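I opened my notebook to go through one structure, a topic at a time. Here are my entries, in the order I made them.

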Amino acid sequence: MGKNKKTRKVVMQRFAQMKKMISLSDSRIKPEKRQPSKKAPKEDKAKIKVTEAPQQSSALFFQYNTQLGPPYHILIDTNFINFSIKNKLDIIQNMMHCLYAKCIPYITDCVMGELEKLGQKYKLALKIIKDPRFERLTCMHRGTYADDCIVNRVTQHKCYIVATNDKDLKRRIRKIPGVPIMYVSQHRYTIERMPDAYGAPK
């Protein structure tokens, strides 16, 4: 019993010593050794707030994209080609049926690289892409991830329609104003966000 009391007394003494120590944020400590306070400094109300908003494209006039008009420039994604083959659709012919105007399909180097990586199964898709009517766009970035490349191109130049069936890519493109999306649905091509575009079929 005596030993237990003794240890308890030692613990209480140590606790008392710890309590005596000054906290590092105390005003009595020299400023250079003092710990900075965790409270955020109060904002000066007289100071002018500057907020930077991303610059909008000059092609957009209210909800209309003035750069969209025939001949339509269409950026094609890997899975759009595969869906077209599965549904036995001629890409250029069906694009023209969908938009009632001349269409120029564009293939980026990364889309080409993705199809080449997929191997023998997608031999037919590669053969279709190598048609001289398909325009080639050279990529300056590393790797063959097409989604990022397409999103970057579309944000920089508002003259493209994106042809894709990829849900993630569609979701990303919907956030960019003035960019229509073409996709395969019910064995034909459908376009989304196009009626508001300048010069588009009604």
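**Entry 1: the overall layout**

I began by noting that this is a predicted model. I found seven helices and eight strands in the protein. Of its 202 residues, 37% are buried. I also looked at contacts between residues at least 6 apart in sequence, and 63% of these join residues at least 24 apart.

**Entry 2: aromatic pairs**

How many aromatic pairs does the structure hold? I found two. One of them is made by Phe 80 and Tyr 189, which are tilted, with 4.8 Å from centre to centre and 45° between the planes. Phe 80 belongs to helix 2 (residues 78–86) and Tyr 189 to strand 8 (residues 188–192), so this pair ties together parts that are 109 residues apart in sequence. I checked burial for both partners: Phe 80 is buried at a relative accessible area of 0%, and Tyr 189 is buried at 4%.

Then I turned to Tyr 106 and Tyr 160. Their ring centres are 5.7 Å apart and their planes stand at 80°, so I wrote this pair down as edge-to-face. Tyr 106 is in strand 4 (residues 103–108) and Tyr 160 in strand 6 (residues 160–163), so the pair ties together parts 54 residues apart in sequence. Tyr 106 is buried, with a relative accessible area of 12%, and Tyr 160 counts as buried at 9%.

**Entry 3: lysines over rings**

Next I looked for charges over aromatic rings. The charged end of Lys 86 sits over the ring of Phe 83, 5.6 Å from the ring centre. Lys 170 lies over the face of Tyr 183, and here the distance to the ring centre is 4.0 Å.

**Entry 4: Lys 158**

Leaving out residues up to four places away in sequence, I listed what Lys 158 touches, including Ser 57, Asn 65, Gln 67, Ile 176 and Pro 177. Leu 60 is also among the residues touched by Lys 158; the two are 98 residues apart in sequence, with 8.3 Å between their C-alpha atoms. The side chain of Lys 158 also reaches the backbone oxygen of Thr 155, at 3.2 Å.

**Entry 5: cysteines and Thr 108**

How many disulfides does the structure hold? My count came to zero. Cys 103 is in no disulfide, and its nearest cysteine sulfur, that of Cys 98, is 7.8 Å away. Cys 103 counts as buried at 6% relative accessibility. Cys 139 is in no disulfide either, with the sulfur of Cys 149 as the nearest, at 3.6 Å. I kept the cut-off in mind here: a disulfide needs the two sulfur atoms within 2.5 Å. Cys 139 is buried too, with a relative accessible area of 17%.

Both Cys 139 and Cys 149 turned up again when I looked at the contacts of Thr 108. Leaving aside neighbours within four places in sequence, Thr 108 is also in contact with Leu 75, Leu 137 and Arg 153. Thr 108 lies in strand 4 and is buried, with a relative accessible area of 1%.

**Entry 6: strands 6 and 7**

I then followed strand 6 to its partner. Strand 6 and strand 7 pair in the parallel sense, over two bridges. In strand 7, Ile 181 is the bridge partner of Val 162. Strand 7 (residues 181–185) is mostly covered, with four of its five residues buried.

**Entry 7: backbone angles**

Most residues other than glycine have a negative phi, and most peptide bonds are trans. Which peptide bond did I note as cis? That is the bond from Pro 70 to Pro 71, with omega near -5°. Pro 71 is in the loop between strand 2 (64–65) and strand 3 (72–76).

I also noted positive phi values. Tyr 100 has phi near 55°; Tyr 100 is in the loop between helix 3 (91–99) and strand 4, and is exposed at a relative accessible area of 67%. His 187 has phi near 60°. The place of His 187 is the loop between strand 7 and strand 8, where His 187 is exposed, with a relative accessible area of 58%.

Key: Residues numbered from 1 in each chain as written. Predicted model: local features only at pLDDT ≥ 70, side-chain atom pairs only at ≥ 80, totals over all residues. Heavy atoms only, no water. Phe/Tyr/Trp six-rings, centres within 6.5 Å; stacked < 30°, edge-to-face > 60°. Buried < 20%, exposed > 50% of the residue type's maximum accessible area, 1.4 Å probe, protein only. Lys NZ or Arg CZ within 6 Å of the ring centre and 35° of its normal. Contact = heavy atoms within 4.5 Å. Polar contact = N/O pair within 3.5 Å; in protein donor to acceptor, adjacent residues only side chain to side chain. Pairing = 2+ DSSP bridges.
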